[in-house]
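Visitor: I'd like to learn how to read a protein model. Can you take me through one, feature by feature?

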Amino acid sequence: MSSETALATGQRARGLAPFLRSQMRNIAPFLTLIFLSAFFAFASPSFATLDNLGNILTQVSVTGIIAVGLTFVILCAEIDLSIASIANVTGIAVAYFTLQESYVNIANIPLPGAVAIILSILLCALLGLVNALGLTVIGIPSFIMTLAMMQIAAGISALLVRGQIAYKVPSLITTLGSGSIGGIPWIVIVAAIMLLGGHLVLTYTRFGRYVYMVGGNREAAEYSGLNVKLILGAVMVISAVCSGIGGMLGVAHFGSAQQNEFDTYLLDSIAAVVVGGTSLFGGRGGIGNTIVGLFVLGVLNNGLDHVNIDSFLKILIRGLILLAALVINVYAQRLREKAAE
Amino acid sequence: MTAGQQPILELQGITKSFGGVEALRGVDFALYPGEIHGLVGENGAGKSTLMKIIAGVHTEFSGRFLVDSREMHFRSARDAHAAGIAMVHQELSVAPDLTVAENVSLGNQPTNALGLVQWRRMAREAGEQLARFGIDVDPMARLGDLPIGLQQLIEIARVLFSGARIVILDEPTSALSPPEVERLFATLRRLREEGTAIVFISHFIEDILLVSDTVTVFRNGRKVAETASAATSKGALIEAMIGRGGEALEHSYTDDLMLPQPSDSSVVLRVDQLSLSRSLQDVSFEARAGEVLGIYGFMGCGQQELSRILFGKLKPDSGTLAVDGTRKTFASTAAARRAGVALVPESRRDMLFHQEPVYKNISISILDRISALLLKPAQERDIAKRQVDQLQIRPPVVGLDLGMLSGGNQQKVALAKWLTYPPKLLVLCEPTRGMDVGAKNDVINIVRDLRTKGLAIIVLSTEPETVLSLADRILVLKRGALVREFKNEPVSKDRLLEAA
């Protein structure tokens, strides 16, 4: 191991600047987070409080759950645009299979809670499987395939609720989505567990390694005898199931299930992953990056509410921050490639 | 050509180096109007480099460059084009989704006063041009729907009829069938009558002798011979190309080498009647345990496709594969790997993960053997360490990013990934390309060592030395078909080139 220590010092000897440049992908989002937090703490006395930290955590939970699966997809250099739609249809499905109050005018099929949950998860897994088959067997680019799925899932949602709103979901979902234990909302705990689980899978399992390798160089993965299609298919299903779980808990969290409820989560989830520094070209980044990205978005959304700012301007600011993150993302990739040469 | 005539193009003392390596050393070259000038030489001899200088692709070089006796310095291919020089590159560069007519008139489509494309006129003119070339296709057909050979002819036609006075053709015949080659030659001769100067680069010496007036031979960046085609022969040209006793450092394989008695050990791979559209025709052979089978052929002869089929990356149109007597149709590279086949492709970029550490590169193909669910990084590093020591990979640091290693060491890593659990069949494409002598020898020793361990090994290469230094038995692949087998007999570079 002594030679490796020598190497480590060797790398340090090459200078701090090249090291920082190669780590820009991880450093930049973190600096953004610190900068934003400091700014809002300075601008508003109500921002930097423990209560508000709890608010931020709760606000990013649904995005966080969805972003776990999306991180896998983006690490493979693919994209999933159907996440919000699948979240929506799964949330609606779990309500559809639950007995609603008599004033809810939906011709639904009430089932026991456990069955409703299992059916809903099967539904989102099935939609993910369709994405997977379209991508790997037919060879439709994921951008287009999941665009179609976005519409299909929205269509199923529409057929199930027909413009109405459902309120009841199984009690387990209600607890996880809107209950809390010891003052900590369950939804925050679920998001934390899923993020941790995603991190463990990506870092410590063979499958996780394959995800990074397929994203890093798909051709090389194939020439190494990996079943690249199987891995790509698996990440699409994982993404759909994470979205489905996020959708079910989200419905409980919001207190209702209706059409177009999750529309903003598509952009938020992609933004969280990319702002966090996971490479859009695949192979670099991870759940750690996604967590930082979630906090950046959470602090930004929450902080803008604490300062006196035109609520319409908020949308523009979010767009600009996302653009800045994309620029850094592409730029970081180029710096890395240059360093590797 | 003709005495007293002014050369249309004249180069004097051209020297060009890439990163300290001299690709051309003081080359003189003259081209006359109405001349077809053949260029031969081994891979890396400098032919393509010289042509790219003429076509304005390489702009940095030393020496004098005269067009019509006037000194010129091109800053881009556009400048060369303006001076009437056009080149057909080795790789097909057409727009498959555009129509034939659009491809033919690319860059100078006829337009009306408003700047709108005149489609009917464009189609008519393209049709007329192609007809002169003996090509009868619908100008409005999508180019990509035509066979590759025809696409290549259309690309050549576009360049030939672009009005250029100097046309450079780099390996134009490799994808063409014999009648298509005939048609190309007829057109070249007609253009020659009209005064166009043509440079024709090819590995196919028969083609060169057939069509060109003058032949120039390159070796190691130097022009070693220039002669009238009528006054030379294939044997003489091959001799000039490879030189005798010149390259002292490396074995030059100019003398006969005796191939051993063919092995009678068990057949690991049997390939039967393999065909793939225009790339391979009825290829059948077998590879035995403890034997290195060399497959030699020129670039584009179908080697690449063959290796991809063996590893499940390409599906053949017809034909069968059998590993250890069991018939296989590989659905994926993963299936081929499970069946005990391993491939090291010619491009290391395609094979390795440059941004990942060495040990991950080595362990990737065997992860499923060492871990069911959870990774065992310590074990991965141990295995990698053992391989790094055994293959003497430098620097011997398994945690280093692969991109930091030299090319030769990367190639060893590409081999190392298959060696912890050796496959039954190892397919190596160009295993020593671009390596220095030391690294080459290391790789040769590794392969020989694997052979004694009983692996069946197939080495595919376009470099005769590579095949000769490794193989026990040699097959020659020519335009997708096996044309010759060397076994238990003397073989040399000339004999291989002669056969290909």
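This is a predicted model: local features need pLDDT of at least 70, side-chain atom pairs count only at pLDDT 80 or more; totals for chains, interfaces and linings use all residues.

Visitor: How do I judge the length of a helix, say helix 5 of chain B?

Guide: Compare its end-to-end reach with the span expected at 1.5 Å a residue. Helix 5 of chain B (residues 148-160) has 13 residues, and the distance from its first C-alpha to its last is 18 Å, close to the expected 18 Å.

Visitor: Which residues of helix 5 of chain B are buried?

Guide: To call a residue buried, we ask for 20 or more other C-beta atoms within 10 Å of its own. In helix 5 of chain B, the buried ones include B:Leu153, B:Ile154, B:Ile156 and B:Leu160, and also B:Glu155 and B:Arg158. Among the elements covering them are helix 4 (119-132), helix 6 (178-193) and strand 7 (166-170) of chain B.

Visitor: Now sheets! What is the strand order in the open sheet of four strands in chain B?

Guide: Read across the sheet, the order is 13-12-15-16, with antiparallel pairing. Strand 13 and strand 16 (326-328) of chain B have a single partner strand each, so one side of each lacks a neighbour in the sheet. On average, neighbouring strands here are turned by 20 degrees against each other, direction ignored.

Visitor: How many bridges pair strand 12 with strand 13 of chain B?

Guide: Six, linking residues 267-276 with residues 280-288 in the antiparallel sense. You can follow individual partners: B:Leu274 goes with B:Val283, and B:Arg270 goes with B:Glu286. Three residues lie between the two strands of this hairpin, and B:Ser277 takes a positive phi near 20 degrees.

Visitor: What joins strand 12 to strand 15 of chain B?

Guide: Five bridges do, again antiparallel. One pair to look for is B:Val271 with B:Leu321.

Visitor: What about the open sheet of six strands?

Guide: That sheet of chain B runs 17-18-19-14-20-21, and its pairing is mixed. Strand 17 (341-344) and strand 21 (481-486) of chain B are the edges; each has a single partner, so one side of each is left without a neighbour in the sheet. From one strand to the next, the twist averages 20 degrees. For a parallel example, take strand 14 and strand 20 of chain B, joined by four bridges, with B:Gly294 partnered by B:Ile474.

Visitor: Which helix lies across strand 14, strand 17 and strand 18 of chain B?

Guide: Helix 9 (residues 303-310) of chain B does, running at about 150 degrees to strand 18 of chain B.

Visitor: Last one: how many residues does each chain give to the contact?

Guide: Chain B gives 30 residues and chain A gives 22 residues. On the side of chain B, helix 10 supplies the largest share, four residues. By class, that side has 15 nonpolar, eight polar and seven charged residues.

Notes
Residues are numbered from 1 along each chain as its sequence is written. Chains are lettered from A and ligands numbered from 1 in the order in which they are written. Two strands pair if DSSP finds at least two bridges between them. Two residues are in contact if their C-beta atoms, placed from the backbone, lie within 7 Å. Ala, Val, Leu, Ile, Met, Phe, Trp, Tyr, Cys and Pro count as nonpolar, Asp, Glu, Lys and Arg as charged, and the others, Gly among them, as polar. Axes are lines fitted to C-alpha atoms, for helices over the stretch in contact, and angles run from 0 to 180 degrees between N-to-C directions. The expected span of a helix is 1.5 Å times one less than its number of residues. A residue is buried if 20 or more other C-beta atoms lie within 10 Å of its own, exposed if 12 or fewer, and partly exposed in between; C-beta atoms are placed from the backbone.
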